[in-house]
Protein chains: 2
Amino acid sequence: MDKQTVLVGVDIGGTNTEVGFVDESGNVVKSTSFATNAHDVAQKFLHKLKSTIDEECARLSDRYVCRGIGIAAPNVNYLNGTIEAPANLNWGTVNLVEILGDDYEQPIRIINDANAAALGEMGFGLAQDMKNFIVITLGTGLGSGIVINGEILHGSSGMAGELGHTTVVVDGRQCGCGKTGCLEAYVSANGIRRTTIELMSQMPYDGVLATVSFDKLTAKMVSDAAHKADPLALAVLERTGSILGRKLADVVACLDPEAFILMGGVVNTGELLLEPIRRHFECHLLPVFRGKVAMLSSEMPAGRPAILGATMLLK
Amino acid sequence: MDKQTVLVGVDIGGTNTEVGFVDESGNVVKSTSFATNAHDVAQKFLHKLKSTIDEECARLSDRYVCRGIGIAAPNVNYLNGTIEAPANLNWGTVNLVEILGDDYEQPIRIINDANAAALGEMGFGLAQDMKNFIVITLGTGLGSGIVINGEILHGSSGMAGELGHTTVVVDGRQCGCGKTGCLEAYVSANGIRRTTIELMSQMPYDGVLATVSFDKLTAKMVSDAAHKADPLALAVLERTGSILGRKLADVVACLDPEAFILMGGVVNTGELLLEPIRRHFECHLLPVFRGKVAMLSSEMPAGRPAILGATMLLK
């Protein structure tokens, strides 16, 4: 029997790295993941990534042959293929394509994770009929992939789409990027943790989140508490939705997209987060845009759009 | 002798409307202007515009024949040709092309003023070799024209590029657009007037600007006072530069342009305004962008880029 071709799609997140093996119809025939471990240096991460790919390729080798590797990662410069000092990883600037290229003969491509997700949504998801839309990834950090006239916006130096590092609070929280008051410092899994303890300091509260130390606190715990009507957790989601909704209204004034597609672990919170996002978004839009811009959440499993989009670079 | 062709370029500003007659090489062979009078209804303005065009065309008729009219105006929807409830004019939504079309047989085109200015800079100004840049017009209001891969960004509904109506102060000043805290409410001729009296309320001051009532106060007076080292006026320009510099740094994170081109009456203040803009811009950029994005001021006379750009629509 002839072996089928698969492409390896890798989505490097601040917390987990997802690896998927994608056949020619866009089906993920196998997927796995490992902890990214943000404190590791890049070499250690690469060693883990290679062993994961090699082991899975070996397991699949009776039916499939791997024909290329597409990587979605934070802070990728599309023009030169480097990952430039990602805020949530202790890597500095590295050229993954060059380093992995020494070990693989197959083509290797790299793209910003949110841009990969936008490609994935255009190819297989909610954006199949859209020409102007923006993907917002809400994970450990906040990424954005901007599509204009059906093309990913790369910008003049290959670094466009860093909405996570635009200001929402002047002289606000320290962000991992070196600036202050960035959207990502408020709206992301980490931002939700920080908002939780900020609001806890400001309101009378003796609920479940008061029993967890900051280093153990997760956005998932806040989400779970909100689903049990915990007042602090609900206030955190309201604040988070307010900040994101207002910022995305500003993005509409600038770019006039037809839709936003939200995705990532934080979006699993569901309507308790989406409702305040939509409400604040709509009421801060310029009047000419009201009621015209869709605020969607991706219908694919977490990581899937980026994995599919990364492999689309190899076609 | 054969008559030469000219195109009429009109730049409708919140304070003045400039009309230029442009030959085929982009030379403005004749120009004139009249007060826009923001409180007038659109019909009254149109009457004045038509009589101005007709009188000048008649005067030029021994040597030139007018072949079309290009109009640059605020809040233009490029896709349907309407001006949509401009914040600085008492017009509601009007379709100038349709109304003027009843009186002229020549082609009539309309485009957002800042987009027209961006076209003018691409055709004849500082952006002749640029593919990704942004024009910021600082007049009565604040307009922006965004160029991506050599094309004006219109967006999914024809209304992209309204940077003047993105937030700089949450729950801040009332803006003419109906929202609060917009960039335009702080950084524009009107914004500078408002900042002047705000800061006057907050610092000990008995200089020249204290002798002028708000209705008589102009951005030009503030500029003149700053050039005489008036401490309030200098504080106003510092504040204005800080707000615009920070916002444009955010725009870089989103769009990654190679340059901004500033223009409009407010820019005539020169280095006393440009220096704080550049300083705050540079220090609020994401590290990967520092030192890479030019902050230029247009080298053409006020209104000229928009007039030239508006006529380029007719070619």
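The legends below describe close-up views of a predicted model. Local features need pLDDT of at least 70 and side-chain atom pairs count only at pLDDT 80 or more, whereas totals for chains, interfaces and linings use all residues. Residues are numbered from 1 along each chain as its sequence is written, and side-chain values use heavy atoms, without hydrogens and water.

**View 1. The interface of chain B and chain A.** The contact (heavy atoms within 4.5 Å) takes 39 residues from chain B and 39 residues from chain A. About 2,900 Å² is buried between the chains, 57% of it on carbon and sulfur atoms; buried area is the accessible area (1.4 Å probe) lost on putting two parts together, summed over both. B:Asp250, B:Cys254 and B:Asp256 supply 18% of the area that chain B buries against chain A, more than any other three residues.

**View 2. Salt bridges across the interface.** There are 4 salt bridges between chain B and chain A, each a side-chain nitrogen of Lys or Arg within 4 Å of a carboxyl oxygen of Asp or Glu. A:Asp250 forms a salt bridge with B:Lys179, with 4.0 Å between the closest N and O atoms.

**View 3. The largest cavity.** About 130 Å³ of space lies in this cavity, a set of points on a 1 Å grid over the protein atoms alone where a 1.4 Å probe fits but cannot get out. Its lining residues (an atom within 4 Å of a point) include A:Asp250, A:Cys254, B:Asp250 and B:Cys254.

Terms used. Chains are lettered from A and ligands numbered from 1 in the order in which they are written. On a 1 Å grid over the protein atoms alone, a cavity is a set of points where a 1.4 Å probe fits but cannot get out, and a pocket is an open set with protein on both sides within 12 Å along at least five of seven lines; lining residues have an atom within 4 Å of a point. Grid points are joined across faces, edges and corners, and a volume is the space filled by probe spheres set on the points.
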